[in-house]
Amino acid sequence: MAPPTVRDIMAFHTIDRRVYETLVAHGSDPSVARNAVSLFMWIEQIGVDVITQIITVNNPSVIFTLMAEVEAVMHCLRQEDDALNSCVEIPLISSLTQNAIDIRYFNFHKDVILRGLANIIDGVGKVLFDDNLYELLRAFEVEQETARRGLREGRPVVPSELAAVYNPRVVVPSAEDVRSMFITFSKGFPIKREQINDYFTERWEDCIDKVMMERTPPGGTPMYGRIMFKTESFIGLVLNGERVVKFNIHGRQLWARKYVPRSTVAT
């Protein structure tokens, strides 16, 4: 199979680019729109489809609300005040993810998320957010349509910038990321770290490296956590091909999903 060209990558990310252009057209600064689309693409990596929902939104007030929530998430990722973060609400993003994600989710997983965003922006983002490449593409498509209608002779030549072989920035996922599984508890019904550890080790023996739990203020209960297994293969055993699996531990429910960082962000 021939390696993908820059034009192939642009075609693959058509919807992502349309979301970016919509945000800019509604007044978002291009760098802010870039961060927003990168965040949405990261959410897709954990198996939650938000891009195809956002592409249908054209109401300026909804887009304004969405971008305000993205700014809140980015602020959460940049600073360390966990107590402040837990007070922020992002109802629109939560609804787009079917309430699978709130600000506490982003706060707890900020290390993984920041690595993922950097990989997207420094990888496929070099194509996706390059306005000059898209101007070339639009001009070429106009020439193609003109030729198709018989209004010019010959076939237009694909610009060299678009025909070039795409050389992705090779991203080697963190060793911890590839063997981590994200976990979520029912609100108000957390499960103790020791109970989680015992549940999995009873079934798969010495499989867990560590269990991390969300830090909460006094009287608060954690909603999120992360299980780091000793090898990535244990995640395959636990999930058994499913994207999200529910476990019942001591009468309380735990949802688990694997984070799948892209080895190259364009694939």
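Predicted model: local features only at pLDDT ≥ 70, side-chain atom pairs only at ≥ 80, totals over all residues.

Q: Which residues of α3 are buried?

A: An α-helix has 3.6 residues a turn, so residues three or four places apart point the same way. Buried means under 20% relative accessible area, exposed over 50%, and partly exposed in between (1.4 Å probe, protein chains only). In α3 the buried residues are Ala-33, Asn-35, Ala-36, Val-37, Ser-38, Leu-39, Phe-40, Met-41, Trp-42, Ile-43 and Gln-45. Across the protein chain, 44% of the 267 residues count as buried.

Q: Which residues have the most contacts inside the largest nonpolar core?

A: A nonpolar core is a set of buried Ala, Val, Leu, Ile, Met, Phe, Trp, Tyr and Cys residues joined through side-chain atoms within 4.5 Å. The largest has 54 residues, and Leu-23, Phe-40, Trp-42 and Phe-106 have the most contacts inside it. A second, separate core has 22 residues, including Ile-183, Phe-234, Ile-235 and Leu-239.

Q: What is Leu-96 in contact with, leaving aside its neighbours within four places in sequence?

A: Contact means heavy atoms within 4.5 Å. Under that criterion Leu-96 is in contact with Asp-49, Val-50, Gln-53, Ile-54 and Leu-66. Leu-96 lies in helix α7 (residues 91-96) and is buried, with a relative accessible area of 14%. Leu-96 and Ile-54 are 42 residues apart in sequence, yet 8.2 Å apart in space, C-alpha to C-alpha.

Q: Are the faces of strand β3 buried or exposed?

A: In a regular strand the side chains alternate between the two faces of the sheet. Tyr-224, Arg-226 and Met-228 on one side of β3, and Gly-225, Ile-227 and Phe-229 on the other, are all buried. Six of the six residues of β3 (residues 224-229) are buried, so this strand is largely enclosed by the rest of the structure.

Q: Which strands pair with β3?

A: Two strands pair if DSSP finds at least two bridges between them. Strand β1 (residues 180-185) runs antiparallel to β3, joined by five bridges, and Met-181 stands opposite Ile-227. Strand β2 (residues 208-213) also pairs with β3 in the antiparallel sense over five bridges, with Ile-208 opposite Phe-229.

Q: Which residues lie nearest the centre of the largest pocket?

A: Rolling a probe the size of a water molecule over the atoms shows where empty space is left. On a 1 Å grid over the protein atoms alone, a pocket is an open set of points where a 1.4 Å probe fits, with protein on both sides within 12 Å along at least five of seven lines; lining residues have an atom within 4 Å of a point. The largest pocket is lined by 34 residues, with Asp-102, Arg-104, Lys-187, Met-223 and Tyr-224 nearest its centre. The largest share of that lining, four residues, comes from α8.

Definitions and conventions: Residues numbered from 1 in each chain as written. Heavy atoms only, no water. Helix = DSSP H or I, 4+ residues; strand = E, 2+ residues; numbered from the N terminus.
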